[in-house]
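Hi,

Here is the structure I promised to pass on. Have a look at it first, and then read my notes below.

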Amino acid sequence: MACLLLAGRLATAADRPRLPSASPASVGMSPERLEEVDEVVAKALVAGQMPGCVVLVARQGKTVLLRAYGHRSLEPEKTPMTVDTLFDLASLTKPVAAATSVMLLAEDGKLCLDDPVAKHLPEFAANGKQAITIRQLLTHQGGLIADNDISDYAVSREEAITRLLATRPRSSPGESFVYSDVGFLILGLLVERVAGESLDRFVASRVFQPLGLEEMGYLPSVELSRRAAPTEKRNGHWMQGEVHDPRAFALGGIAGHAGLFSTAEDLAVYAQMVCNRGNYDGKQILKPETVAEMTRPQQTAGGIRALGWDMRTGYSSNRGQGFSDRALGHGGFTGTSLWIDPELELIVIFLSNRVHPDGKGSVNQLAGRIGTIAAKAISAGD
């Protein structure tokens with residue numbers, strides 16, 4: 001079933017292109033079943049799984065649930081969570097920024113997904129990596145290590161990139177599945193080399209700005225950072241509007257694997273664009289065939305992935321039961337999760353700062369439970 005294509009309208013500062021709100025019943029969902037979200041989140045808060053969270057559920061292009069729970073911060077003082085809280089998306093950066101940018105460059109004819117990465121980044125060929133393809137990095141099958149040593153970043157940005165490009169593979173390309181931040185760090189560099197501009201500027205100009213997403217991007221402004229959910233302390237100060245990932249931080253806050261920030265409502269617009277086969281609010285961000293290729297299930301040694309996205313792997317504990325085989329999503333270390341199910345016309349967003357204040361907390365199972373409630377609300381509403 002195709003997702004609802006929203007009618008175009010002009011966006012202003014006061015009228016940003018957020019998903020319109022609707023009652024659950026109007027889009028075939030049970031309001032009673034959706035109310036179960038309150039109960040499962042309340043239990044998670046009592047259990048200390050996170051200080052607070054924002055949950056957004058949308059169907060057929062309309063938001064049916066948008067709620068804030070608990071606290072945005074516990075230290076240095078308690079502040080309530082609000083629906084407009086800005087979150088460090090962590091690894092949601094991989095599909096939303098890096099993979100989307102790669103797909104745009106492929107659409108532009110500037111690269112092919114099956115090109116060796118070294119065709120565009122010749123330095124990457126070092127130490128036997130000359131055959132690794134862009135597609136293999138997008139599906140974590142490049143044979144790369146998960147992370148290079150953090151000491152490799154205790155140098156200048158230029159030297160850190162040199163060391164990153166020179167990393168040695170752990171296996172032959174296509175042989176195994178290893179979830180790799182290194183692979184997406186490389187993809188971020190690839191985008192910059194091919195596009196001729198920084199990753200943050202490219203994805204902003206081609207995706208976020210056309211969609212009117214003023215609260216999604218890298219390096220949030222001072223004003224936006226005031227609404228950010230803090231994570232942990234770094235060098236004696238709270239990270240608030242500052243990327244939590246140490247490698248992304250060392251690279252100036254802009255990287256292919258982490259660094260993106262967003263509110264739930266801005267993230268929902270991006271998700272609906274994907275659900276709408278690249279179109280939102282009258283703007284065609286990606287061609288339908290590009291979205292089809294990006295979201296096509298691909299078998300890997302670790303399970304089923306899409307290009308930049310998870311589908312069914314060992315990383316899918318935040319996936320709702322009852323989602324269709326076409327569902328795709330991703331999680332982030334800071335406590336974030338996004339799942340898009342084009343067949344059910346369903347979007348489920350869970351954003352938290354579960355690492356606040358002490359690096360503890362666990363929310364993957366909770367995010368999956370919320371997804372399950374949303375999927376069951378559809379069957380109950382039909």
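Let me begin with charge: the chain has 39 positive and 43 negative charges, and their mean positions lie 2 Å apart. Here Lys and Arg count as positive and Asp and Glu as negative, while His and the chain ends are not counted. Each charge is placed at NZ of Lys, CZ of Arg, CG of Asp or CD of Glu.

Please keep in mind that this is a predicted model, where local features need pLDDT of at least 70 and side-chain atom pairs count only at pLDDT 80 or more, while totals for chains, interfaces and linings use all residues. Residues are numbered from 1 along each chain as its sequence is written, and side-chain values use heavy atoms, with hydrogens and water left out.

On the overall fold, the chain has 12 helices and 16 strands (DSSP runs numbered from the N terminus, with H or I over at least four residues for helices and E over at least two for strands). The C-alpha trace spans about 55 × 50 × 40 Å along its principal axes. Of the 382 residues, 59% are buried (under 20% relative accessible area; exposed is over 50% and partly exposed is in between, with a 1.4 Å probe and protein chains only).

Helix H7 (residues 199-208) is largely enclosed by the rest of the structure, because seven of its 10 residues are buried. Among them are Phe-202, Val-203 and Phe-208. The buried residues of H7 pack against helices H3, H6 and H10 and strands E5 and E8, where a contact means heavy atoms within 4.5 Å.

A polar atom of its side chain lies 2.9 Å from the backbone nitrogen of Ser-180. Further along the sequence than four places, the residues that His-140 touches include Lys-94, Phe-184 and Arg-305.

Now for some backbone details. Most residues other than glycine have a negative phi, and most peptide bonds are trans. The bond from Glu-75 to Pro-76 is cis, with Pro-76 in the loop between strands E2 and E3. The bond from His-356 to Pro-357 is also cis, with omega near 0°. Asn-127 has a positive phi near 60° and is partly exposed, at 34%. Glu-345 has a positive phi of about 55°, and this residue is buried, at 5%.

Enjoy exploring!

Best wishes

Key. Polar contact = N/O pair within 3.5 Å; in protein donor to acceptor, adjacent residues only side chain to side chain.
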